[in-house]
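Try each task before you read its solution.

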Amino acid sequence: MKSFLTLTVTALLMTFELICGNMGLSLGLPVFGAFYFAVAFGKNYGLWAAGLSGLLLDAIYARSFMPTAIWMILIVLLAEQCALRLQRHLPVSAILGGALCGFAVFLGNLLHSLICRTAFPGPDIWSMMIFQLIGGIFFMLLMTLLFDGINFRCNLPRFKAVDKPRTFNGGGSRL
């Protein structure tokens, strides 16, 4: 079930990223999904999602060098280590992880545009940085709420650390 959810969500986020990327806006949505899966399911699921989506993005855009897969994997490793050290029962870990991923996506876009001499995705540097930070925070909180609810219903591990075990008894019947 974890593999199916990881593959499905990664494919969905890749589709949204391709649509936005073709309009000139690089959001880095697969990075946020890979970060979520790295914290919730384990490092292997996040690295697999980041590497696969990075390789596919580079192949679709016909890049001779595959930088996207490398920096996506590095972002997921860094953000996952930071999130696991925080108290995950509070939304602070999702906020800081989303901001860290958003800033890393901004730096990746900036470095790619400087090295490859391509157009920067956005009007200017400062507005793109603020957009990536706020968008990362918002998207990570939204994704955490949505997928933690799905994982709760499917009895899968969640991003948010919970101290209470899950029970399905429904309170029992009184006769």
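**Exercise 1.** In which helix is the place of asparagine 151? Work out also whether asparagine 151 is buried or exposed, and list its contacts beyond the sequence neighbourhood.

*Solution.* Keep in mind that this is a predicted model.
- Step 1: asparagine 151 sits in helix H6, which spans residues 125-153.
- Step 2: the relative accessible area of asparagine 151 is 0%. Buried means under 20%, so asparagine 151 is buried.
- Step 3: once neighbours within four places in sequence are set aside, asparagine 151 is in contact with Leu5, Tyr36, Phe41, Leu156, Pro157 and Arg158.
- Step 4: look at the side chain of asparagine 151, where a polar atom lies 3.1 Å from the backbone oxygen of proline 157.

**Exercise 2.** Describe how helix H2 and helix H3 pack: at roughly what angle do their axes cross, and which residues meet?

*Solution.* 
- Step 1: two packed helices are described by the angle and the distance between their axes.
- Step 2: the axes of H2 (residues 29-40) and H3 (residues 43-60) come within 6 Å and cross at roughly 165°.
- Step 3: angles over 145 degrees count as roughly antiparallel, and H2 and H3 are therefore roughly antiparallel to each other.
- Step 4: the crossing of H2 past H3 is right-handed.
- Step 5: from H2, Pro30, Ala34, Phe37 and Ala38 meet Lys43, Tyr45, Gly46, Ala49, Ala50 and Ser53 of H3. By class, the residues of this contact between H2 and H3 are 7 nonpolar, 2 polar and 1 charged.

**Exercise 3.** Is serine 113 buried or exposed, and what does serine 113 touch, not counting residues up to four places away in sequence?

*Solution.* 
- Step 1: serine 113 lies in helix H5, residues 92-115.
- Step 2: with a relative accessible area of 7%, serine 113 is buried.
- Step 3: not counting residues up to four places away in sequence, serine 113 touches Thr118, Ala119 and Phe120.

Notes. Residues numbered from 1 in each chain as written. Predicted model: local features only at pLDDT ≥ 70, side-chain atom pairs only at ≥ 80, totals over all residues. Heavy atoms only, no water. Helix = DSSP H or I, 4+ residues; strand = E, 2+ residues; numbered from the N terminus. Buried < 20%, exposed > 50% of the residue type's maximum accessible area, 1.4 Å probe, protein only. Polar contact = N/O pair within 3.5 Å; in protein donor to acceptor, adjacent residues only side chain to side chain. Contact = heavy atoms within 4.5 Å. Axes fitted to C-alpha atoms, helices over the stretch in contact; angles between N-to-C directions. Parallel < 35°, antiparallel > 145°, perpendicular 65-115°, else oblique. Left-handed = near helix turned anticlockwise from the far one by under 90°. Nonpolar A, V, L, I, M, F, W, Y, C, P; charged D, E, K, R; others polar.
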